[in-house]
Amino acid sequence: MENTSCSFCRFFERYYTKGAKRFNQTKTGRCRKKQEQVTAQDGCKEFVKRPIKRRSARLLRYYLNEILLELHALREVAEDDRDEITKE
């Protein structure tokens, strides 16, 4: 039997509260289909399984390349500063 709790439904939008370091999940949310507040454990006949989000390797390589470019620029600045200090 398929799990039909709202937490796995594509129409469920969970509420979050602001914590000290991150946002924390609540046990309640909003059902876009019924237009009302529901708990994550509720279920209904409007249940549609939420699709799994898969990130591509291309996106990962793009962000990794951006980080490496920033690190390279920071290294050049640090080496220039070091060279200026040793010249003095």
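The points below take up the sheet, the core, the aromatic side chains and a few single residues in turn.

1. Basis of the note. This is a predicted model, in which local features need pLDDT of at least 70 and side-chain atom pairs count only at pLDDT 80 or more, while totals for chains, interfaces and linings use all residues. Residues are numbered from 1 along each chain as its sequence is written, and side-chain values use heavy atoms, with hydrogens and water left out.

2. Three strands make an open sheet in the order 1-2-3, with antiparallel pairing; strands are DSSP runs of E with at least two residues, helices are runs of H or I with at least four residues, and both are numbered from the N terminus. Two strands are taken to pair if DSSP finds at least two bridges between them. Strand 1 and strand 3 stand at the edges with a single partner strand each, so one side of each has no neighbour in the sheet. Neighbouring strands of this sheet are turned against each other by 45 degrees on average, direction ignored, with axes being lines fitted to C-alpha atoms (for helices over the stretch in contact) and angles running from 0 to 180 degrees between N-to-C directions.

3. Strands 1 and 2. Strand 1 (residues 12-18) and strand 2 (residues 23-31) run antiparallel and are joined by six bridges, and a hairpin of four residues connects strand 1 to strand 2. Within this pairing T17 has N24 of strand 2 as its bridge partner, and Y16 stands opposite Q25 in strand 2.

4. Strands 2 and 3. Four bridges hold strand 2 to strand 3 (residues 36-39), again in an antiparallel arrangement. The bridge partner of C31 in strand 3 is E36, and that of T28 is T39.

5. The turn at Q35. Strand 2 and strand 3 form a hairpin with four residues between them. Q35, in the loop between strand 2 and strand 3, has a positive phi of about 60 degrees although it is not a glycine. Most residues other than glycine have a negative phi. I would also note that Q35 is exposed, because its relative accessibility is 52% (exposed means over 50% relative accessible area, buried under 20% and partly exposed in between, with a 1.4 Å probe and protein chains only).

6. The nonpolar core. Which residues make up the largest nonpolar core? The eight members are C6, C9, F11, F12, C31, V38, A40 and F47, a core being a set of buried Ala, Val, Leu, Ile, Met, Phe, Trp, Tyr and Cys residues joined through side-chain atoms within 4.5 Å. C9 is in contact with E46, F47, V48 and R50, leaving aside its neighbours within four places in sequence, where contact means heavy atoms within 4.5 Å.

7. S7. This residue, S7, lies in the segment before strand 1 and is buried, with a relative accessible area of 15%. Not counting residues up to four places away in sequence, S7 touches F12, R14, A40 and R50.

8. Aromatic side chains. The structure holds one aromatic pair, formed by Y62 and Y63, which is edge-to-face with 5.2 Å centre to centre and 70 degrees between the planes. Rings of Phe, Tyr and Trp (its six-membered ring) pair if their centres lie within 6.5 Å, and planes under 30 degrees apart count as stacked, over 60 as edge-to-face and the rest as tilted. Y62 is partly exposed, at 47% relative accessibility. Separately, K18 lies over the face of F23, at 5.7 Å from the ring centre; the criterion is that NZ of Lys or CZ of Arg is within 6 Å of the ring centre and within 35 degrees of the ring normal.

9. Separations in sequence and space. K45, in the loop between strand 3 and helix 1, is exposed with a relative accessible area of 79%; K45 and T4 are 41 residues apart in sequence and 8.5 Å apart in space, C-alpha to C-alpha. A78 belongs to helix 1 (residues 57-87) and is partly exposed, with a relative accessible area of 46%. A78 and Q41 are 37 residues apart in sequence and 53 Å apart in space, C-alpha to C-alpha.
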